[in-house]
Amino acid sequence: NILLIEDDYKDARLIKELLVMKQKHHWELTHTQNLDDAFKFMKQCDFDVVVLDLFMKDLNGLVTLKRLVAENSLIPVIVMTGLRDEGIGKNAIREGAQDYLVKDQITSDFFLRAVQYAIERKKLDRLKDELFSYVNHEISSPLCVIKDSLSQISNGILGQVDPRQEQFLDLTLSGIDRPVAITEDFLLCTKLELGKLPVHKKMISFNGAVKEVAEIFRVSFEQKGVPLRVQLPLLDIRSNLDRERVCQILPNLLSNALKYTIRGSVKITVSRAGRNVRCAVSDTGPGIAKEDIPKLFKKYVQVGERSSKIRKGTGIGLFICKELVELQGGRIIVKSRPGRWTKFIFTLPVKLSNPDPGTGAFFCPCNRVNC
């Protein structure tokens with residue numbers, strides 16, 4: 001049961017003719033020219049798939065797609081466009097579309113195959129969602145309860161604890177942290193892959209977000225004897241970003257730096273780079289071989305030789321970093337000198353405000369032109 005949202009009658013008729021050529025398939029086509037009518041039809045009928053013209057008159061294609069996905073996330077959406085632009089296709093997939101078709105390349109076999117695959121992929125997505133929700137509930141929740149109970153014992157709330165007991169409790173608590181963190185990372189990874197991780201942008205203090213994350217990690221660095229240095233600009237950088245997502249990027253980079261830096265130091269450097277904020281996390285660890293750098297941001301990939309003293313990770317931390325940066329319109333790169341140092345650099349757009357009506361120059365919140 002197909003819902004076609006297409007404001008061009010010629011293109012709509014073409015799709016219908018393509019389907020007529022495949023009478024052996026049992027299909028029904030409902031056609032509407034606008035989004036409001038589409039929503040009415042979706043309330044009245046159970047559709048297996050929605051086919052959307054991405055650029056209809058007076059409508060922003062990706063905004064329309066987001067509204068459609070938000071209205072009913074269970075129905076797979078295929079987008080069509082007359083433009084041969086891979087960038088548009090990737091953005092459409094990121095916003096929740098299951099497939100992307102160029103109108104002058106569509107054949108009857110190609111169209112029906114896309115419909116069938118979109119329906120099957122959506123079913124798999126739902127199974128993934130259910131699986132990870134189950135994992136989160138059945139593993140993370142009990143572990144958090146156990147951790148909370150052990151913390152109360154360790155803190156002496158339930159009675160005095162001798163030094164030997166306290167040592168074992170500390171080891172147990174640190175052991176619990178790892179599976180909880182791994183479960184959370186897998187859930188975050190899945191949401192990113194399915195395009196279901198929301199981004200709530202608002203004006204934030206980037207300096208403040210960096211300070212918060214650095215303070216959380218400072219004790220861990222001190223315990224290892226590796227100084228953590230933070231270099232921030234004198235003037236606070238404010239931008240329209242999702243603070244929670246920014247605070248999920250930095251911990252992954254700092255965890256890696258902490259893991260692989262045996263001696264020396266780790267440094268966070270924040271600066272302005274044109275209309276972007278630039279954040280670099282550099283360490284004096286073993287470095288990364290040139291041939292391994294292109295593999296770093298791939299999921300489940302771990303590169304280089306690992307010391308037996310270094311705990312093996314899941315291989316998804318840097319993938320999560322890359323996805324979270326790109327989700328906010330940014331970019332992440334890595335530079336390294338094997339045996340000496342590694343530096344991860346990500347940039348995020350800074351939304352400048354208050355353009356001067358006379359000159360068109362932008363002022364930042366500190367009231368200095370182009371600071």
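Of the 46 residues in the largest nonpolar core, those touching the most other members are Phe 206, Leu 253, Leu 254, Ile 268 and Phe 346. A nonpolar core here is a set of buried Ala, Val, Leu, Ile, Met, Phe, Trp, Tyr and Cys residues joined through side-chain atoms within 4.5 Å. The model is predicted, so local features need pLDDT of at least 70 and side-chain atom pairs count only at pLDDT 80 or more, while totals for chains, interfaces and linings use all residues. Residues are numbered from 1 along each chain as its sequence is written, and side-chain values use heavy atoms, with hydrogens and water left out.

**Nonpolar cores**

- Helices (H or I, at least four residues) and strands (E, at least two) are DSSP runs, numbered from the N terminus.
- H8 gives the most to this core, supplying 8 residues.
- Beyond its neighbours within four places in sequence, Phe 346 has contacts (heavy atoms within 4.5 Å) that include Phe 206, Ile 249, Leu 250, Leu 253, Val 277 and Cys 279, as well as Arg 278 and Arg 331.
- A second, separate core has 22 residues, among them Val 50, Leu 52, Met 56 and Val 69.

**Packing of H8 and H9**

- The axes of H8 and H9 lie 9 Å apart and the helices pack at an angle of about 150°; axes are lines fitted to C-alpha atoms, for helices over the stretch in contact, and angles run from 0 to 180 degrees between N-to-C directions.
- H8 and H9 are therefore roughly antiparallel to each other, a term applied to angles over 145 degrees.
- On the H8 side, Arg 245, Gln 248, Ile 249, Asn 252, Leu 253 and Asn 256 meet Gly 317, Leu 318, Ile 320, Cys 321, Leu 324 and Val 325 of H9.

**Ile 139**

- Ile 139 is located in helix H5 (residues 108-154).
- With a relative accessible area of 39%, Ile 139 is partly exposed; buried means under 20%, exposed over 50%, and partly exposed in between (1.4 Å probe, protein chains only).
- The C-alpha atoms of Ile 139 and Val 180 are 7.9 Å apart, although 41 residues separate them along the chain.

**Whole protein**

- The protein has 9 helices and 14 strands.
- Of its 371 residues, 38% are buried.
- Among contacts between residues at least 6 apart in sequence, 68% join residues at least 24 apart.

Conventions
Parallel < 35°, antiparallel > 145°, perpendicular 65-115°, else oblique.
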